[in-house]
Amino acid sequence: MTNSIAEIKNNDTIFVIGSNTTETHPVIGAFIKQAVKKGAKLIVADPREIELSRFADVHLQLKPGTNIALINGMMNVIIENKLYDEEYINKNCENFEELARLVKNYPPERSAEICGVDKDLIIKAALIYANSPNAGIYYTMGVTQHSTGTHAVMSLSNLALLCGNIGKENAGINPLRGQNNVQGASDMGATPADLTGYQKIFHRESLEKFERAWSTKLSDRVGATITEMFKLIEEEKIKFLYIMGENPVVSDPDTNHVISALKKVDFLIVQDIFFTETCEYADLVLPAVSFAQKDGTFTNTERRVQRVRKAVKENGLAKPDWQIIMEIMNTLGYEKKYTEPKEIMKEISSLTPQYSGINYEKIDANGIQWPCKDKDDTGTKFLHKDKISRGKGLFMPVEYVKSRETPDDEYPFILTTGRILYHYHTRTMTGREEGLNEIAGSSYIEINDETANRLSIQNGDKVRVKSRRGEIITRAKVVNTIDRDVLFMPFHFTDGQANYLTNTFVDEIAKIPELKVSAVSIEKLKEEDHV
Amino acid sequence: MKTVKLTIDNKEIEVDSSLTVIQAAELAGIDIPKLCYDERLDIFGACRMCIVEIEGNRKLQTACSTKVREGMVVHTKTDRVIEARKDILGLLLDNHPNDCLICEKAGSCLLQDYAYEYGVKFRTHSGKTRDPYIDDTNPFYIYDAQKCILCGLCVRVCSRLQVTGAIDFVNRGFDTIIGTPFNDGLINSNCVSCGNCVSACPTGALMPKSKEKFRAWEVKKVKTTCAFCGVGCQINLLVKDDKVVGVEPVKDAVNEGLLCVKGKFSFNFINHPDRLNTPLLKEDGVFKEISWDRAYEIIKEKVDKYMEENGPDSFAGLSSARCTNEENYLFQKLFRAVLKTNNIDHCARL
Ligand code: SF4
Ligand code: SF4
Ligand code: SF4
Ligand code: FES
């Protein structure tokens with residue numbers, strides 16, 4: 001997030017796109033609703049009617065995969081009506097002419113047509129956003145999990161710059177990070193091209209800094225992303241795969257493909273707190289402790305580094321993940337030892353500009369939002385305060401392109417996947433909570449009532465859903481909150497697991513899979529098929 | 001900011017003119033008892049426990065709903081105030097079951113704390129008591145109307161902070177309880193089981209359905225960060241006998257005292273019998289328990305083999321958005337510094 005959670009309540013306008021916030025980030029969802037109660041305007045863009053759309057001034061119920069067309073359409077309205085922040089743009093931004101030229105081709109009529117929404121709603125949303133002194137944008141995977149995800153994010157950033165909403169309090173462009181420490185995992189360089197703090201491995205100086213600190217030579221060749229890893233396994237180039245605390249058999253797209261790669265790899269280590277679906281394919285399973293049994297830090301979606309504290313003893317022989325990794329390093333001849341996570345944080349802050357002022361004493365009471373440069377720095381509430389971080393805010397005009405897989409005669413529906421309030425990721429933890437299973441215990445697929453009627457599907461019926469990659473059986477949940485040609489499934493469940501259907505097309509830039517759009521067919525299960 | 005000077009219990013202080021007497025007293029380190037007050041909510045003024053004497057006013061005033069004024073002189077502990085508070089507590093107890101011996105709220109119940117502080121006992125009386133009414137339809141928490149003092153905190157937390165509006169006062173007068181619009185059970189309402197009402201309830205009327213019995217003085221609290229989503233809510237884990245038995249939200253934090261159903265109620269996985277307890281090695285398709293030493297030995301054998309036969313890029317690692325910063329840091333360090341590859345990624349994209 002460029003801005004902070006506490007600022008949400010002071011936004012004049014909140015634009016939520018591709019985020020079912022009250023289910024995926026419930027407490028932020030509550031703050032958004034509080035803001036609306038206090039008088040803030042709310043724009044929601046989501047293919048489904050969600051809780052927030054009931055609070056919204058405008059709900060743009062767009063077709064999955066058409067975010068860019070919508071945002072371009074809004075910018076068209078803003079530019080046509082000269083509602084942009086000219087002074088801000090002159091001072092801070094480059095490339096405005098290019099943007100204006102491109103969005104000229106997106107009059108609201110055209111965007112309305114592509115997105116399947118009323119053009120007046122696009123105009124209304126654009127006017128609300130542009131006429132607010134402080135407007136914040138909030139988004140999640142509904143924006144990024146598309147083959148054009150990165151472009152959609154650029155598009156949102158164009159919109160925010162256009163109205164001077166970056167580098168300002170109570171506004172900004174705010175991705176809500178899904179899992180508890182996604183922010184931290186990226187900050188810590190658990191990605192193929194970045195060292196900690198987004199320092200590039202192909203940047204000589206950064207690499208040398210780490211070589212000195214770690215007293216060893218490092219490779220400057222960019223590594224493989226998760227999707228590429230599975231490919232390299234099939235090509236027999238990757239032999240050894242070590243998975244820590246992830247369950248790709250359930251969470252990753254195209255389950256059949258994932259399983260075949262995990263079966264194929266020569267040696268697979270899986271380290272987790274439970275015996276997950278992925279453990280089945282492991283050669284070696286290592287037991288780790290849960291968050292309540294170890295010390296450390298998580299970095300939340302507003303960049304706040306907060307303490308994790310040990311509350312109960314380790315179970316059995318299970319150990320904290322940091323200790324296991326350290327012992328493996330030591331076994332392999334790398335001598336460095338740490339007696340507690342605090343020492344690791346010291347090493348992190350010595351190598352990571354954004355974390356250089358962070359230590360356990362300082363974050364003890366309330367955490368600190370990075371960047372935090374030195375020991376006197378109390379952290380950063382919102383980014384780009386005095387100047388846009390790249391020097392000048394660059395408009396990056398982007399065209400709308402169709403999703404990689406679009407419905408056809410054989411697979412006439414768009415399947416979109418997501419999370420629900422009552423479960424977390426692959427349910428390794430929440431699936432063991434009786435109460436949660438009592439409320440939400442099994443897989444389902446949401447289908448529009450008219451469509452269901454046409455296919456003689458009734459609420460609760462067993463249905464077979466097929467895509468080019470696989471098929472599953474689940475139960476129909478007949479609703480009137482979704483378009484006629486769209487289906488929705490939560491991805492958490494293994495009885496009718498959505499990711500058997502999803503595809504692995506990725507966004508070429510961020511390598512995020514297009515989980516929000518797959519073409520599928522659906523049919524009622526016949527009596528004799530009952531399994 | 002305009003400020004005013006006032007005197008509370010002979011202490012002179014200067015505070016922001018927009019504050020209430022209860023807030024000014026808090027700044028002065030003076031505690032005023034309160035049952036329906038929550039600094040996150042607008043003023044309700046229902047319980048009257050916070051009454052104080054303000055010079056120049058004949059009637060006692062509720063400190064939570066009275067704004068500070070220049071030159072105001074406030075007394076929070078005069079005999080008259082204390083007697084009035086005793087009366088209020090007495091009336092509340094008349095309607096309350098004499099259950100403290102077996103109530104799990106004992107020790108963290110404000111009603112009990114104040115009764116103790118003011119020396120008020122349950123009395124025998126021939127008047128009516130409220131009818132028993134229990135709603136235990138929600139899997140995570142239970143409502144017991146007899147223990148409810150109708151302070152309204154739960155209703156206001158649900159409608160103003162959680163902004164779900166699942167519950168309200170229902171019925172009238174003596175029969176008033178907290179319920180759902182059609183009164184057909186919490187589970188059939190639009191309640192999202194966030195438990196924020198439960199965390200706010202000052203008495204044992206709204207209680208988590210705990211697997212373990214515990215009381216406030218038996219648990220130690222450990223502040224930590226919720227492990228479920230990127231909001232990073234701050235929580236206190238309640239620990240008894242090395243087991244997590246409950247969770248409460250931290251107020252002075254990013255979540256402002258709110259949680260969702262996962263953060264509040266989904267902690268039983270921690271002590272779950274399914275937890276992995278030993279390293280496991282697959283041999284002929286069957287997993288066998290092995291020691292850590294053996295596990296590390298095997299890893300070393302494999303690493304040596306692939307390093308020699310296939311080189312550094314035959315290794316790959318998937319780190320975890322569930323693990324700590326320190327662990328993610330070490331994991332990439334293992335791959336980069338020891339295995340000499342950048343084949344490292346995590347599931348940020350999912
Ligand atoms: S249930 Fe608790 S919070 Fe709600 S009115 Fe009764 S005593 Fe107050
Ligand atoms: S659990 Fe949450 S939603 Fe349900 S009544 Fe309480 S505050 Fe409202
Ligand atoms: S309590 Fe709920 S909203 Fe808060 S961090 Fe945990 S999962 Fe997220
Ligand atoms: S706390 Fe003031 S009236 Fe209840």
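The following questions and answers concern a predicted model.

Reader: How far apart are the end C-alpha atoms of helix α7 of chain B, and what span should its 19 residues have?
Author: Helix α7(B) covers residues 292-310. At 1.5 Å a residue, its 19 residues should span 27 Å, which agrees with the distance between its end C-alpha atoms, 26 Å.

Reader: Within what arc do the buried residues of α7(B) fall?
Author: The buried residues of this helix are W292(B), A295(B), Y296(B), I298(B), I299(B), V303(B) and Y306(B). Seen down the helix axis, the buried residues of α7(B) line one face, because they fall within an arc of 160°.

Reader: Which residues are exposed on the other side of α7(B)?
Author: The buried residues of α7(B) pack against elements of chain A, including β8 (267-272) and α15 (321-331), and against β14 (280-283) and β16 (315-319) of chain B. On the other side of the helix, the exposed residues are D293(B), E308(B) and E309(B).

Reader: Which residue is the bridge partner of V239(B) in β13(B)?
Author: Strand β12 (residues 234-240) of chain B pairs with β13(B) in the antiparallel sense over 6 bridges. The two strands form a hairpin with 2 residues between them, and D241(B) in the turn has a positive phi of about 50°. Within β13(B), the bridge partner of V239(B) is V244(B).

Reader: How many of the 7 residues of strand β13 of chain B are buried?
Author: Strand β13(B) comprises residues 243-249. It is largely enclosed by the rest of the structure, because the number of its 7 residues that are buried is 5.

Reader: How many residues of the shell around ligand 1 are nonpolar?
Author: Among the 13 residues around ligand 1, C148(B), C151(B), G152(B), C154(B) and C201(B) come nearest. The shell has no charged residues and 2 polar ones, while the nonpolar residues number 11.

Definitions and conventions:
Residues are numbered from 1 along each chain as its sequence is written. Chains are lettered from A and ligands numbered from 1 in the order in which they are written. This is a predicted model: local features need pLDDT of at least 70, side-chain atom pairs count only at pLDDT 80 or more; totals for chains, interfaces and linings use all residues. Side-chain values use heavy atoms; hydrogens and water are left out. A residue is near a molecule or strand if one of its heavy atoms lies within 4 Å of it. Ala, Val, Leu, Ile, Met, Phe, Trp, Tyr, Cys and Pro count as nonpolar, Asp, Glu, Lys and Arg as charged, and the others, Gly among them, as polar. Helices (H or I, at least four residues) and strands (E, at least two) are DSSP runs, numbered from the N terminus. The expected span of a helix is 1.5 Å times one less than its number of residues. Buried means under 20% relative accessible area, exposed over 50%, partly exposed in between (1.4 Å probe, protein chains only). The arc is that of the directions from the helix axis to the C-beta atoms. Contact means heavy atoms within 4.5 Å. Two strands pair if DSSP finds at least two bridges between them.
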